[in-house]
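Keep the viewer open as you read.

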Amino acid sequence: MRRRDFIGATAAATTAWPLAAHAQPAMPVIGFLHPALPETNADRVRALRQGLSEAGYVEDRNVAIEYRWAEGRYDRLPALAAELASQHVAVIVAAGAAALAAKNATATIPIVFSIPEDPVGLGLVASLGRPDGNATGVNFFVGELGAKQLGLLHELIPAATCIGLLVNPNSFLGNEQSRITKDVATAASDNGLKFEVVRASNSREIEAAFETLARNGTDALLVGADPFFVTRRVEFAIQAVRHGIPALYNVREYAEAGGLMSYGTDVREAYRQMGIYTGKILKGAKPADLPVMQSTKFELVINLMTARALGIEISPTLLARADEVIE
């Protein structure tokens, strides 16, 4: 080899070597799809990141997250899910109605969901123990808690004779919401209580629902599970105090925002578990081999400031059972 050729070959090799030596594998990207607003779900996103961290993944260090929020408009979810699928993300993390949109958008990209309804009945998985597809996640209870919630509300207001239930007619829960209504109605009848259902799907209708309840002399209210309702939790707290109606909700965020009392699944824990499952899938696990987890952690939260504003004295027994009392 001539000297000039040798020098040229050596220079090319030394130029290429650092590039090859320092090349890094592409950072995996998680697609996050949610039906509500980012500002009302900050704690849940933090819980998801905690689960990812426990699995060895830290956002912007060794994993990226593409966030898509429907901002309460369920009709936007299919397009947002399709957008994430077209980007070929490594995993789609989807909450509530977003899980259905993700499942319709892709049959190959792994999906990790959290959902309050039976995922088998929704067609997300073949069975809880063996999902047998591209989706798995966490199923947390909603319908099963209706009777328990009504019992707590009656214990809180023992003189109550009429209980209201507020539901969203546009909720993705569908048949589950009908079952919740039926279960609460049965529990009310068993306790000798009158039962009234009111409906709302926007802020104006929420205000109208409280006016109807106050006009009808309803003693207390159960607020049904719905992502849209969670985004309006401050409005619920204001309306309940304004109309003097004690209300019980299904997640702690309501009580933290000024709601009287909440009892339900620890949803933040469900998001943490979603993060852990997502990490397992990034490491090579298949959704079909990861059983759907069932939430088993429930919490009772009472807001004493709101109780005082409503003129309610909460019994020491009920306070002692609370997981958290906000003063």
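## A covered strand

Strand β10 (residues 261–265) is mostly covered, with five of its five residues buried. A quick word on terms: buried means under 20% relative accessible area, exposed means over 50%, and partly exposed is in between, using a 1.4 Å probe and protein chains only. Helices (H or I, at least four residues) and strands (E, at least two) are DSSP runs, numbered from the N terminus.

This is a predicted model, where local features need pLDDT of at least 70 and side-chain atom pairs count only at pLDDT 80 or more, while totals for chains, interfaces and linings use all residues. Residues are numbered from 1 along each chain as its sequence is written, and side-chain values use heavy atoms, with hydrogens and water left out.

## Who sits beside β10

Two strands count as paired if DSSP finds at least two bridges between them. Strand β9 (residues 247–249) runs parallel to β10, with two bridges between them, and M261 in β10 is the bridge partner of L248. With strand β12 (residues 298–303), β10 pairs in the antiparallel sense over five bridges; here G264 stands opposite E299.

Step on from β12 and you reach β13, joined to β12 in the parallel sense by three bridges. N303 has I326 in β13 as its bridge partner.

## The mixed sheet

Put together, these strands belong to an open sheet of seven, in the order β7-β6-β8-β9-β10-β12-β13, with mixed pairing. Its edge strands are β7 (194–199) and β13 (324–326), each pairing on one side only. From one strand to the next, the twist averages 20°. Angles run from 0 to 180 degrees between N-to-C directions, and axes are lines fitted to C-alpha atoms, for helices over the stretch in contact.

Which helices lie across this sheet? Helix α5 (residues 146–156) lies across β6 (162–167), β8 (220–223), β9, β10 and β12, at about 155° to β8. Helix α7 (residues 203–215) lies across β6, β7 and β8, and runs at about 155° to β7.

## A threonine in α12

T306 is found in helix α12 (residues 304–310). Is T306 buried or exposed? T306 is buried, at a relative accessible area of 7%. Setting aside neighbours within four places in sequence, its contacts (heavy atoms within 4.5 Å) are V241, G258, G259 and L260.

At the β11 end, two bridges join β11 to strand β5 (residues 135–139) in parallel, and N139 stands opposite Q294.

Why is β3 largely enclosed by the rest of the structure? Five of the five residues of strand β3 (residues 91–95) are buried, so β3 is largely enclosed. In a regular strand the side chains alternate between the two faces of the sheet. In β3, V91, V93 and A95 point one way, I92 and A94 point the other, and all are buried.

On one flank, four bridges join β3 to strand β1 (residues 29–34) in parallel, with G31 opposite I92. β3 also pairs in the parallel sense with strand β4 (residues 111–115), over four bridges, and A94 stands opposite F113 there. To get from β3 to β4, the chain crosses through helix α4 (residues 97–105), and this β-α-β crossover is right-handed. That label means that, with the strands pointing away from the viewer, the path from the first strand over the helix to the second runs clockwise.

## Two helices packed together

Two packed helices are described by the angle between their axes and the distance between the axes. For helix α2 (residues 42–54) and helix α11 (residues 267–282), the axes come within 7 Å and cross at roughly 35°.

The contact includes A47, L48 and L52 in α2, and Y271, M274 and I276 in α11.

## The whole chain

Overall, the chain has 13 helices and 13 strands. Buried residues make up 52% of its 327 residues. Of the contacts between residues at least 6 apart in sequence, 71% join residues at least 24 apart.
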